[in-house]
Amino acid sequence: MSWHAFLPMAIVLSSLLPGLVIFGLREDQQRLRVTLNLLGVTLKLLLVGSMLYGVSQGSEYRFSVPLLPGVPLVLQADALALLFVALSSLLWALTTVYAIGYLEDSPLRSRFFGYFSLCVSATVGLALAGNLVSFLLFYELLTLATFPLVVHRGTPESLRAGRVYLAYTVGGGTLVLMGVALLHSLAGTPDFQAAGYLLEQVDEHDMALRVAFALLILGLGVKAALIPLHGWLPQAMVAPAPVSALLHAVAVVKAGAFGIVRVVYDVFGAEALMQLDLTKPLLWLAAGTILYGSLRALQQRELKKRLAYSTISQVSYVTLGVALLGPIAAVGGLVHLVHQGLMKVTLFYCAGNFAETLGIHRIREMDGVGRRMPWTMTAFSIGALGMIGIPPIAGFISKWTLGLGALEVGQDWVLLVLLGSALLNATALSPLGWSQLIVEREFAI
């Protein structure tokens, strides 16, 4: 097997193998655990960088081994895979360094970092997955790897949140499995294709394709936190800050949104979806989630829960972009996939610093925090302004592109959704003391 064929699997193994070794380390083997974590981070970044350079030079990377009769396990580097695997690898590197310091004196660090590495292995695996069955395999592995991280602290509250998380994600995974099985019975499981591969099946199997699309979107919508499938996300905020960053910016929520992009463009394709008239319900669902998440964020007294509901809103911009079925809107959605990850991971790092350094967990406790932690508050402010969409920060670019995309396809009402969400986000996320006071007095429940 050539290096070009093995490189996608090497990217998965670069975090999987160190993670398996970390499970066997004693708690007092701090230096070796840190070394293995940083080794996995560095190796993965080098391998992803090598793949990005190779693709820019015209190289192709495809790993394939038999998995099921007639269905191979495929990992390949197409444009969408490269976008997500590069984002996940970079944010994992940053989050690993943050987690090493954050959990310096905590118990069960070997268990934590072992599952932490498995989680990222599953994430890059589903990013590189070349067909639906391969995607499903890593999608379910992600559920199993993140559950121990959610319940890491072992408190009654975290265990309760873990049960909720598992119920939602296992249920969502079951729906995805049913959708994949139905599509396999209709068209087999070919590799993802840029324009989809189901157009020829529309006339003969229109109803079955509608059912399969609904199953896949509902199943993926659990991890993407589309309403009313979002209930696990705010409760999972009892996990340590590095886990919250992982859930929101690196792995779980992004995996759901990424899966929706795959299903819309690389499985069904725009033309098939227009013939089946399936995009309008998805568009309205995304728009409703954007406004709902922004409004609910205003009602939260706890900082991490406010950020959680903000994520519910912000990630739905990705679904909105692909549901518009226009090239500019799709670019806006994919760009926001990157921008939201960078901004939200910053906000959760800051929230973790506030909690560990000053014991701040609630909005009303943030009065004067800028004087006590000026650098952390500066980073928080930049992240918050980006989530609001203030130019020239990255969030403005993606939302502006989404607005142009909506105008391109004649969905002008989407501009009102974007504007309304921006105003709600401004009230919920503004780092200024006066806005925090207004939110607490008028919207808290």
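Good morning. I begin with leucine 325, which is buried, with a relative accessible area of 17%. The structure I am presenting is a predicted model. Buried here means under 20% relative accessible area, so leucine 325, at 17%, falls within that class. This residue is found in the loop between helix 13 and helix 14.

Leucine 108 is placed in the loop between helix 3 and helix 4. Is leucine 108 buried or exposed, or in between? With a relative accessible area of 38%, leucine 108 is partly exposed.

Let us stay with the backbone for a moment. Which peptide bond is cis, with omega near 0°? That bond runs from isoleucine 227 to proline 228. Proline 228 lies in the loop between helix 7 and helix 8, the latter spanning residues 232–235. A further cis peptide bond leads from proline 391 to proline 392, and its omega is near 5°. Proline 392 belongs to the loop between helix 16, residues 374–388, and helix 17.

I turn now to the interior. As a general point, nonpolar side chains tend to be buried together in soluble globular proteins. In this model, the largest nonpolar core has 149 residues, and Phe268 and Phe354 have the most contacts inside it. Helix 3, residues 79–102, supplies the largest share of this core, with 13 residues. What does phenylalanine 354 touch, if we leave out residues up to four places away in sequence? Its contacts include Leu303, Ile360, Met366, Val369 and Phe380. Gly359 and Thr376 are also among them.

Next, the pockets. How much space lies in the largest pocket? The volume is about 370 Å³. This pocket is lined by 19 residues, and Glu157, Met237, Val238, Glu302 and Lys304 lie nearest its centre. Helix 6 (156–187), helix 13 (303–323) and helix 14 (327–358) are the elements that give two or more residues to this lining. The largest share, four residues, comes from helix 14. By class, the lining of the largest pocket divides into nine nonpolar, three polar and seven charged residues.

The second largest pocket holds about 300 Å³ of space. Its lining has 13 residues, with Phe396, Lys399, Trp400, Leu418 and Leu419 nearest the centre. Two or more lining residues come from each of helix 17 (394–408) and helix 18 (413–429). Helix 17 gives the most, with six residues. In this second lining, ten residues are nonpolar, two are polar and one is charged.

I close with the salt bridges. How many are there? The count comes to six. In one of the salt bridges, arginine 109 pairs with glutamate 27, and the closest N and O atoms are 3.7 Å apart. Arginine 109 lies in helix 4, while glutamate 27 sits in the loop between helix 1 and helix 2, so the pair ties together parts that are 82 residues apart in sequence. Arginine 109 counts as buried at 14% relative accessibility, whereas glutamate 27 counts as partly exposed at 30%.

A further salt bridge joins the side chains of arginine 262 and aspartate 78, at 2.8 Å from N to O. Because arginine 262 is in helix 10 and aspartate 78 is in the loop between strand 2 and helix 3, this pair ties together parts that are 184 residues apart in sequence. Arginine 262 is buried, with a relative accessible area of 2%; aspartate 78 is partly exposed, at 22%.

By way of contrast, consider arginine 210 and aspartate 206, whose side chains meet in a salt bridge of 3.4 Å, N to O. Both residues lie in helix 7, and being four residues apart they are separated by about one helical turn. Arginine 210 is partly exposed, with a relative accessible area of 27%, and aspartate 206, at 32%, also counts as partly exposed. Thank you for your attention.

Notes:
Residues numbered from 1 in each chain as written. Predicted model: local features only at pLDDT ≥ 70, side-chain atom pairs only at ≥ 80, totals over all residues. Heavy atoms only, no water. Core = buried A, V, L, I, M, F, W, Y, C linked by side-chain atoms within 4.5 Å. Buried < 20%, exposed > 50% of the residue type's maximum accessible area, 1.4 Å probe, protein only. Contact = heavy atoms within 4.5 Å. 1 Å grid on protein atoms, 1.4 Å probe; cavity = no way out; pocket = protein on both sides within 12 Å on 5 of 7 lines; lining within 4 Å. Points joined across faces, edges and corners; volume = space filled by probe spheres on them. Nonpolar A, V, L, I, M, F, W, Y, C, P; charged D, E, K, R; others polar. Salt bridge = Lys/Arg side-chain N within 4 Å of Asp/Glu carboxyl O.
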